[in-house]
Amino acid sequence: MKDKYIKFKKKCHLINLKLSKSKLQFQNFGNVSQRLDDYHFVIKPSGVNLSKINYSDYPIVSIKDNKVIKGKLRPSSDTPTHSEIYKLDKNIKGITHAHSLYTTIWAQSEKKIPLLGTTHADYWKKDILVTKKLSNKEINKNYEKNTGLAIKKIFDNNYNVLENPGVLVANHGAFCWGSTAEDSFLNFERLEFIAELSYKTLEINKKSKMSKVLADKHFKRKHGPKAYYGQK
C-alpha cells in the first residue's frame with residue numbers, strides 16, 4: 001500500500017488508544033477502524049496490548065472479502081462486521097465498536113433508545129434502533145458477518161445510515177460510524193450519553209415523549225443544507 005495511508009494508520013491507532021483509556025471500553029472489548037479508500041480499511045489487531053504495538057502493526061483489510069492485504073497480525077474478530085458497515089455507504093470513513101455500560105444495557109434488553117430529548121435529536125434523526133436476534137444458524141456460521149448483515153437490515157426500511165450514525169446489536173453492544181475514525185468515536189461517546197439519559201428519564205417518567213417538530217428542528221439546525229449551528 002502507498003505511504004499516503006500512514007497518516008490514517010497512525011490516527012486509527014491513536015483513536016484505539018483513546019478508546020482503551022476511556023470509560024466506553026470494558027477491559028479489551030472494543031475496536032476502531034478507519035477506511036483508507038473505496039476498497040480497504042485498517043483496524044485494531046485482535047486481542048493485543050496496544051501499548052506494545054504501534055500503527056505499523058495494524059492490518060490493512062479488503063472491504064470486499066476481509067482478506068488481509070498487508071500486515072502480520074490478525075485483524076479484530078469483528079472485522080467482518082466492520083466490512084458490512086463500510087459497504088452501506090462510501091461516506092462512512094470510520095467505525096467504533098464497544099461494550100459501554102448504558103448502550104450494552106439497552107442492547108441486552110433488546111430495546112431501541114427512544115427519541116426523548118434535544119441532545120439525542122442533535123445527532124440522531126430518529127430512535128436508535130436495535131438489531132433482531134441472530135438465529136442459531138447465523139451464530140454458528142459467519143457470526144461476525146451476520147452481525148453486520150443484521151445491522152444492514154435496519155437500514156432497509158427508510159432509516160438513513162448517515163442521519164443515524166450508530167445502532168445497537170441485540171444482546172451485544174453498539175457500533176457507531178462517522179466521517180473519520182475520530183468522528184465515529186465521538187458519536188459513540190454521544191450514544192453512550194444518550195443511552196444513559198434515556199434510561200434515567202424513563203425511570204422518572206415512563207410516558208416521556210418529544211414532539212416531532214422539536215426533534216426535527218434540532219436535527220436540521222446542525223445537519224443539512226440549511227444548518228446554522230456553529231461557525232462557517
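## The S1–S2 hairpin

S1 and S2 form a hairpin, with four residues between them. Strands here are DSSP runs (E, at least two residues), and helices are DSSP runs too (H or I, at least four residues); both are numbered from the N terminus. The two strands run antiparallel and are joined by three bridges. Two strands count as paired if DSSP finds at least two bridges between them. Gln34 has Val42 in S2 as its bridge partner.

The model is predicted: local features need pLDDT of at least 70, side-chain atom pairs count only at pLDDT 80 or more, and totals for chains, interfaces and linings use all residues. Residues are numbered from 1 along each chain as its sequence is written, and side-chain values use heavy atoms, with hydrogens and water left out.

## Burial and pairing of S1

S1 is mostly covered, with six of its six residues buried. Buried means under 20% relative accessible area, exposed means over 50%, and partly exposed lies in between (1.4 Å probe, protein chains only). Which residues of S1 lie on each face? Gly30, Val32 and Gln34 are on one side; Asn31, Ser33 and Arg35 are on the other. Both faces are covered.

S1 also pairs with S5, in the antiparallel sense, over five bridges. In that pairing, the partner of Asn31 is His97 in S5.

## The sheet

Strands of a sheet pair through backbone hydrogen bonds, either parallel or antiparallel. In this model, seven strands form an open sheet, and the pairing is antiparallel. The order is S4-S3-S2-S1-S5-S7-S6. Strand S4 (68-70) and strand S6 (166-169) are the edge strands, each pairing on one side only. Neighbouring strands are turned by 25° against each other on average, direction ignored. Axes are lines fitted to C-alpha atoms, for helices over the stretch in contact, and angles run from 0 to 180 degrees between N-to-C directions.

Val167 has Phe175 in S7 as its bridge partner.

Contact means heavy atoms within 4.5 Å.

In H3, the buried residues are Tyr102, Thr103, Thr104, Trp106 and Ala107. What do the buried residues of H3 pack against? They pack against S6, S7 and helix H7 (181-204). Just after H3, Glu110 takes a positive phi of about 60°.

## Salt bridges

How many salt bridges does the structure hold? There are nine salt bridges, each a side-chain nitrogen of Lys or Arg within 4 Å of a carboxyl oxygen of Asp or Glu. One of them joins Asp38 and Lys90, with the closest N and O atoms 3.7 Å apart. Asp38 lies in the loop between strand S1 (30-35) and strand S2 (40-43), and Lys90 in the loop between helix H2 (79-86) and strand S5 (94-98), so the pair ties together parts that are 52 residues apart in sequence. Asp38 is partly exposed, at 38% relative accessible area. Lys90 is exposed, at 54%.

Lys133 and Glu110 meet in another salt bridge, at 3.4 Å from N to O. Lys133 sits in the loop between helix H4 (118-121) and helix H5 (136-140), and Glu110 in the loop between helix H3 (101-109) and H4, so this pair ties together parts that are 23 residues apart in sequence. Glu110 is partly exposed, at 35% relative accessibility. Lys87 forms a salt bridge with Glu84, their closest N and O atoms being 3.1 Å apart.

## Cysteines

A disulfide is a covalent bond between the sulfur atoms of two cysteines. The rule used here asks for a pair of cysteine sulfur atoms within 2.5 Å. By this rule the count is zero. Cys12 is in no disulfide; its nearest cysteine sulfur, that of Cys176, is 15 Å away. Cys176 is likewise in no disulfide. Cys12 is buried, with a relative accessible area of 0%. Cys176 also counts as buried, at 0% relative accessibility.
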